[in-house]
2 protein chains.
Amino acid sequence: MIAGHVFIATSLDGFIARSDGDIAWLLERDDPDEDHGYDAFIADIDVILMGRGTFETIRTVRPWPFTLPVVVLSSSMSQADLPDDLVDEIRLVDSAPEEAMRMLEIEGHRKVYVDGGRLIQSFLRAGLISDLVITIVPVLLGEGRRLFGSVAADISLRHEETRSFPSGLVQSRYRVEA
Amino acid sequence: MIAGHVFIATSLDGFIARSDGDIAWLLERDDPDEDHGYDAFIADIDVILMGRGTFETIRTVRPWPFTLPVVVLSSSMSQADLPDDLVDEIRLVDSAPEEAMRMLEIEGHRKVYVDGGRLIQSFLRAGLISDLVITIVPVLLGEGRRLFGSVAADISLRHEETRSFPSGLVQSRYRVEA
């Protein structure tokens with residue numbers, strides 16, 4: 001069975017970026033000497049799925065940070081919107097979460113990294129996320145792009161592990177209960 | 001110096017109650033056999049400060065859960081709004097956060113438990129909170145009364161301690177950086 005996995009950082013008040021996409025507040029509180037487990041997480045992933053919002057915030061990052069296939073789920077983007085050097089790295093798919101996951105499953109993928117606030121929200125609503133690693137950054141921003149959004153009904157989680165780091169980051173792993 | 005202290009539980013998506021004040025989702029995930037530190041916290045407090053919203057959600061709780069003096073900060077409540085048996089337990093004060101804290105300081109209070117979402121938000125904005133114990137409940141509610149709100153500028157926190165419980169609750173203590 002294919003499943004979506006989340007690995008994301010948020011301010012204590014639930015924002016993954018400022019309204020304009022800025023994440024300097026996160027980077028300045030990150031200690032590059034600390035291992036927050038991203039490499040181990042991504043090593044176990046087949047394919048990366050993100051929405052347009054997340055793609056736009058990283059489109060200029062070079063070297064391109066992913067070696068895995070990246071799928072951008074968007075109904076508004078076309079090939080012409082991709083930087084020339086990323087045309088072979090990124091696949092644009094215009095479909096709903098369930099369809100996108102079915103397509104990826106048919107292709108043989110099993111572990112999907114679902115990245116970005118709006119995509120995480122829609123995949124949670126569709127029941128397509130199996131677990132979340134949430135890293136809480138010790139700051140209150142007051143406003144910005146929210147990690148979580150509305151849900152049709154409560155989503156119960158099973159807490160699996162929490163660890164904290166000298167930098168002040170607190171990381172918890174939750175499993176979505178069926 | 002007088003200081004405000006926060007001790008509160010929130011869903012992973014940042015809600016302290018549903019929109020109608022309901023906290024059954026919290027109570028059903030609480031394990032009364034676990035010691036989450038409330039008794040130790042409250043033993044070190046002089047006076048409890050809450051807003052009308054929080055008071056309304058607990059006004060019918062008997063036995064009355066506090067032995068400490070309780071001050072309800074409200075511009076809309078009058079003595080007539082208090083249940084008869086609480087008239088001697090509760091003081092109504094209609095003043096801004098700074099004034100309320102100055103009044104309590106003059107009275108000799110030093111450690112104030114600031115309870116309730118809107119009051120915590122206004123006290124954070126006024127720089128009157130020194131530390132927060134936040135207990136995260138493993139559920140996504142999607143909507144309700146938020147713990148945090150807008151801030152005039154980023155509020156940096158220093159992470160002091162995190163512990164998790166078999167029930168799945170994760171409790172972190174933060175100090176507000178000056």
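Predicted model: local features only at pLDDT ≥ 70, side-chain atom pairs only at ≥ 80, totals over all residues.
**Exercise 1. Which residues does B:L49 touch, not counting residues up to four places away in sequence?**

Residues are numbered from 1 along each chain as its sequence is written, while chains are lettered from A and ligands numbered from 1 in the order in which they are written.

Step 1. Two residues are in contact if their C-beta atoms, placed from the backbone, lie within 7 Å. With residues up to four places away in sequence left out, B:L49 touches B:V71, B:L73, B:A100, B:V112, B:Y113, B:V114, B:D115 and B:L119.

Step 2. The largest nonpolar core has 86 residues, and A:L49, A:V114, B:L49 and B:V114 touch the most other members. Such a core is a set of buried Ala, Val, Leu, Ile, Met, Phe, Trp, Tyr and Cys residues joined through C-beta atoms within 7 Å, where buried means that 20 or more other C-beta atoms lie within 10 Å of the residue's own, exposed means 12 or fewer, and partly exposed lies in between.

**Exercise 2. Describe the surroundings of B:L26.**

Step 1. B:L26 lies in helix α1 (residues 24–27) of chain B; helices (H or I, at least four residues) and strands (E, at least two) are DSSP runs, numbered from the N terminus.

Step 2. B:L26 has 20 other C-beta atoms within 10 Å and is therefore buried.

Step 3. Leaving aside residues up to four places away in sequence, B:L26 touches B:A9 and B:V137. From C-alpha to C-alpha, B:L26 and B:V139 are 8.8 Å apart in space, although 113 residues apart in sequence.

**Exercise 3. Which residues of helix α4 of chain A are buried, and why do they line one face?**

Step 1. In α4 (residues 97–106) of chain A, the buried residues are A:P97, A:A100, A:M101 and A:L104.

Step 2. Seen down the axis of α4(A), the buried residues fall within an arc of 95° (taken from the directions from the helix axis to the C-beta atoms), so they line one face of the helix.

Step 3. On the other side of α4(A), A:E99 and A:I106 are exposed. The cover over the buried residues of α4(A) includes β3 (47–51), β4 (70–73), β5 (90–93), β6 (111–115) and α5 (117–125) of chain A.

Step 4. After α4(A) comes A:G108, whose phi is positive, near 105°.

**Exercise 4. How many residues of chain A are in contact with chain B, and which elements carry them?**

Step 1. 25 residues of chain A are in contact with 25 residues of chain B.

Step 2. On the side of chain A that touches chain B, the elements giving two or more residues are β8, β10 (155–164) and β11 (170–176) of chain A, and the largest share, seven residues, comes from β10(A).

Step 3. β10(A) pairs with strand β8 (residues 139–140) of chain B in the antiparallel sense over two bridges, and in β8(B) the bridge partner of A:S156 is B:V139.

Methods: Pairing = 2+ DSSP bridges.
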